[in-house]
Amino acid sequence: MRNINLAAIHPTVKTVRFLAERWCKCYFCQRGLQTYCERYSWFMGIDKDGFFAETVAMHRASLIPVPDGVSDLEAAVIEPIALAVRVFDLLKPAVCDWVTVIGQGPIGLLITQVAKLKGCRVVAADMWSNRLDLARKFGADEIVNVQGEKLDRKVGEITKHGSDIVVEASGSVSAVQQTPRLVRKAGKVALLGEFEGRVDFGRAGDALFFATYLSPIEYPTAVKLVAEKLVDVKSLVTHRFRISDFENALRTASNLNEKPVKVIVTA
Ligand SMILES: [Zn+2]
């Protein structure tokens, strides 16, 4: 387990917080897998309310200090960056590997950015042109608009042997089912957005599949990436709301016709 000494946090120091309530010594937490904690199997903002409160009392072990150069807006997007870091720590890509990222929402766009940091080549797929424009801005080598093109055919043309790595970040069952037709033999598939569906593994000889959706432990690395301007968070933010208008913020975030990417609520 990564040991972080937070005893010296001053009350006025800006922090971000883990989604998990606290650290514990259960089987999974000791192995750095706080997402699967046996004692505190809930997450703030997902299983418990509290993310839209103006003040929240938190155990200090859940807090990570944020340096002065990181804005509040950037600090609000630490969690999906941490997830992207975790995914590539698990995938262990080689330089120049092809990474196909299905879905260019906030998580997919951060996956695209971290893939480029890892020296990979990226095929970015989505059905919304504004999101594909951002993917290109973040360095995606190939763009596929799945409204007009068949992703498996395009990935085959681009990569020749199939994508070394496929990351599903669209939240779509059909995308999950498509992954065996995109990954090369003995490649790797990460499922982040959706875990349902019937997958024909017969088409994915020797490929490795894994599913993950949260990362409580890579926050310090994520903070560092933002502080050193290695990932662009500001370009993801398409809408901002005051906390008094948070219901409107939630409506906007789920209304794709308003072309939201990241919707931020501020005090
Ligand atoms: Zn635990």
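Author: Let's start with Glu218, which sits in the loop between β8 and α7 (219-227). This is a predicted model, so please read every value below as computed from predicted coordinates. Is Glu218 buried or exposed? Its relative accessible area is 4%, and because the cut-off for buried is under 20%, Glu218 counts as buried. The side chain of Glu218 has a partner there: a polar contact of 3.2 Å links it to the side chain of Arg86.

Strand β8 (208-211) is an edge strand, pairing on one side only. It belongs to an open sheet of 6 strands, with parallel pairing and the order β5-β4-β3-β6-β7-β8. The other edge is β5 (142-145), which likewise pairs on one side only. From one strand to the next, the twist averages 15°. In general, the strands of a sheet pair through backbone hydrogen bonds, in either a parallel or an antiparallel way.

Now for the rings. How many aromatic pairs does the structure hold? There are 3. One of them joins Tyr27 and Phe28: the ring centres are 5.1 Å apart and the planes meet at 85°, and because an angle over 60 degrees counts as edge-to-face, this pair is given that label. Another is made by Phe201 and Phe209, with centres 5.0 Å apart and planes at 90°, so this pair is edge-to-face as well. Phe209 is partly exposed, at 25% relative accessible area.

Together with Tyr36, they form one aromatic cluster. Tyr27 is partly exposed at 46% relative accessibility, and Phe28 is partly exposed too, with a relative accessible area of 27%. Tyr27 also has a charged neighbour, for Arg31 lies over the face of its ring, 3.8 Å from the ring centre.

So, to return to where you asked me to look: Glu218 is buried, and its side chain is joined to that of Arg86 by a polar contact.

Conventions
Residues are numbered from 1 along each chain as its sequence is written. This is a predicted model: local features need pLDDT of at least 70, side-chain atom pairs count only at pLDDT 80 or more; totals for chains, interfaces and linings use all residues. Side-chain values use heavy atoms; hydrogens and water are left out. Rings of Phe, Tyr and Trp (its six-membered ring) pair if their centres lie within 6.5 Å; planes under 30 degrees apart count as stacked, over 60 as edge-to-face and the rest as tilted. Buried means under 20% relative accessible area, exposed over 50%, partly exposed in between (1.4 Å probe, protein chains only). A charge sits over a ring if NZ of Lys or CZ of Arg is within 6 Å of the ring centre and within 35 degrees of the ring normal. Two strands pair if DSSP finds at least two bridges between them. Helices (H or I, at least four residues) and strands (E, at least two) are DSSP runs, numbered from the N terminus. Axes are lines fitted to C-alpha atoms, for helices over the stretch in contact, and angles run from 0 to 180 degrees between N-to-C directions. A polar contact is a pair of N or O atoms within 3.5 Å; within protein, one must be able to donate a hydrogen and the other to accept it, and residues adjacent in sequence count only if both atoms are side-chain atoms.
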